[in-house]
Amino acid sequence: MAKFKIKGGVAIIPEGTKTIPEGAFEGCEKLTTVVIPESVTNIGEQAFAGCSALKEITLPKSVTSIGDFAFHWCSALTSITIPEGVTEIGEGTFFVCESLTSITIPNSMTSIGDYAFKACSALTSITIPNSVESIGEEAFRGCSALTSITIREGVKSIGYG
């Protein structure tokens with residue numbers, strides 16, 4: 001398993017790394033910024049879960065897969081852009097990212113998993129692209145600031161809650 005270094009709250013993933021493994025930074029409460037190289041294609045389950053100080057992360061265009069609960073409880077994260085190659089936001093990916101105000105969902109996205117944005121209490125608006133066919137259970141439950149959601153005609157199913 002790859003070893004990653006954190007210095008001054010910044011994690012720099014080495015060039016050539018293809019996967020950020022499951023739980024790689026889980027619980028790193030002092031991590032504020034992550035620099036991910038273009039070589040990374042996969043972010044494992046719970047890779048950054050519980051990184052409560054993580055404010056800034058840029059996902060390179062090379063990322064095609066983001067694991068379940070990858071950013072769960074990243075309560076300081078304010079915005080994120082999902083790269084065009086990602087087709088699914090998995091279960092609980094941004095669950096309890098309570099400072100998240102902005103997210104860009106690409107046209108490649110086909111599904112949004114259960115609890116994907118649950119308790120993202122600062123999220124004010126979101127646009128679901130035409131490519132999305134399903135939105136999971138409780139995907140936006142507890143998004144108390146959400147005042148606008150645009151769901152395009154491509155959506156065929158929306159889970160309860």
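**Close-up views of a predicted all-strand chain**

S108 is buried, at a relative accessible area of 18% (buried means under 20%, exposed over 50% and partly exposed in between, with a 1.4 Å probe and protein chains only). This is a predicted model, in which local features need pLDDT of at least 70 and side-chain atom pairs count only at pLDDT 80 or more, while totals for chains, interfaces and linings use all residues. Residues are numbered from 1 along each chain as its sequence is written, and side-chain values use heavy atoms, with hydrogens and water left out.

**View 1. S108 and its contacts.** S108 sits in the loop between strand 10 (102-104) and strand 11. Strands here are DSSP runs of E with at least two residues, helices are runs of H or I with at least four residues, and both are numbered from the N terminus. Which residues is S108 in contact with, leaving aside its neighbours within four places in sequence? They are P83, E84, G85, V86, T87 and S131, where contact means heavy atoms within 4.5 Å.

**View 2. K7, in strand 1.** Now turn to K7, which belongs to strand 1 (residues 6-7). Is K7 buried or exposed? K7 is exposed, with a relative accessible area of 72%.

View 3. Three strands form an open sheet in the order 3-5-7, with parallel pairing; two strands pair if DSSP finds at least two bridges between them. Strand 3 (19-20) and strand 7 (65-66) are the edge strands, and each pairs on one side only. Strand 3 runs parallel to strand 5 (residues 42-43), and two bridges join them. Look for I20, whose bridge partner in strand 5 is I43. As a reminder, strands of a sheet pair through backbone hydrogen bonds, either parallel or antiparallel.

**View 4. G50 in its loop.** G50 lies in the loop between strand 5 and strand 6 (56-57). With a relative accessible area of 24%, G50 is partly exposed. Not counting residues up to four places away in sequence, G50 touches G27, C28, E29, H72 and W73. T150 is 100 residues from G50 along the chain, and their C-alpha atoms are separated by 29 Å.

View 5. Most residues other than glycine have a negative phi. F69, which is not a glycine, has a positive phi of about 55 degrees and is found in the loop between strand 7 and strand 8 (79-81). A119 has a positive phi too, near 65 degrees. Its loop runs between strand 11 (111-112) and strand 12 (125-128), and A119 is partly exposed, with a relative accessible area of 24%.

**View 6. Stepping back to the chain.** The protein chain has zero helices and 15 strands. Its radius of gyration is 15 Å, close to the 15 Å that the globule rule gives for 161 residues, so the chain is as compact as a globular protein of that length; the radius is taken over C-alpha atoms, and the rule is 2.2 Å times the number of residues to the power 0.38. Along its principal axes the C-alpha trace spans about 45 × 25 × 20 Å. Of the 161 residues, 47% are buried.
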